[in-house]
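Q: I have a structure to go through before the group meeting. Can you take me through the main features?

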Amino acid sequence: MKYKVALRKTDEGFSVSCPGLPGCWSQGKTEQEALENIADAINEYVDVSAELAATEDTEMREVEVAA
C-alpha cells in the first residue's frame, strides 16, 4: 500500500508526515532515514487504529481503493 507523505528539510535533518493519517509523523537525519522512519510509523499507526476500532460487536473488513 502506498501513502503520500510530506517531507520537509529542517535544521536537524528532515521532518516527514502523512497527511492522510492525522498525527502520523516522524523525522530523520537524512531523507532516506526519514522515509524509512515514516514507513515504520505508518505501519504502527494502521495496526493500532485497527486494534482500537475492533470491538466485540464490530466486524472488520477490507476494501480496495483505486489510486
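This is a predicted model: local features need pLDDT of at least 70, side-chain atom pairs count only at pLDDT 80 or more; totals for chains, interfaces and linings use all residues.

Q: Where does E51 sit?
A: E51 is in helix α1, which covers residues 31–53.

Q: Which residues gather with E51 in a patch of negative charge?
A: E33, E36, D40, E44 and D47 gather with E51 in that patch, on the surface.

Q: What about Y45, where is that?
A: Y45 also lies in helix α1.

Q: How far apart are Y45 and E33?
A: In sequence, Y45 and E33 are twelve residues apart. In space, their C-alpha atoms are 18 Å apart.

Q: Now the inside. Which residues make up the largest nonpolar core?
A: There are eight: F14, V16, C18, L21, C24, A34, I38 and I42.

Q: Which elements each supply at least two residues of this core?
A: Strand β2, residues 13–17, and helix α1 each do. The largest share is three residues, and that share comes from α1.

Q: How far is S17 from Y3?
A: Their C-alpha atoms are separated by 10 Å. Along the chain, S17 and Y3 are 14 residues apart.

Q: Y3 again, then. Which residues make a nonpolar surface patch with Y3?
A: M1, V5 and V46 make the patch together with Y3, and its area is about 400 Å².

Q: Where is M1, and is M1 buried or exposed?
A: M1 is in the segment before β1, the strand at residues 6–10. M1 is exposed, with a relative accessible area of 88%.

Q: Last topic: how many salt bridges does a search of the whole structure find?
A: The search finds one. The side chains of R61 and E59 meet in a salt bridge, at 3.0 Å from N to O.

Q: Are R61 and E59 buried or exposed?
A: Both R61 and E59 are exposed.

Terms used. Residues are numbered from 1 along each chain as its sequence is written. Side-chain values use heavy atoms; hydrogens and water are left out. Patches are made of residues with over 30% relative accessible area and no salt bridge: like charges are joined within 9 Å, nonpolar side chains (Val, Leu, Ile, Met, Phe, Trp, Tyr) within 5 Å. Accessible areas come from the Shrake-Rupley method with a 1.4 Å probe; for residues, only the protein chains shown count as cover. A salt bridge is a side-chain nitrogen of Lys or Arg within 4 Å of a carboxyl oxygen of Asp or Glu. Lys and Arg count as positive and Asp and Glu as negative; His and the chain ends are not counted. The place of a charge is taken as NZ of Lys, CZ of Arg, CG of Asp or CD of Glu. Helices (H or I, at least four residues) and strands (E, at least two) are DSSP runs, numbered from the N terminus. A nonpolar core is a set of buried Ala, Val, Leu, Ile, Met, Phe, Trp, Tyr and Cys residues joined through side-chain atoms within 4.5 Å. Buried means under 20% relative accessible area, exposed over 50%, partly exposed in between (1.4 Å probe, protein chains only).
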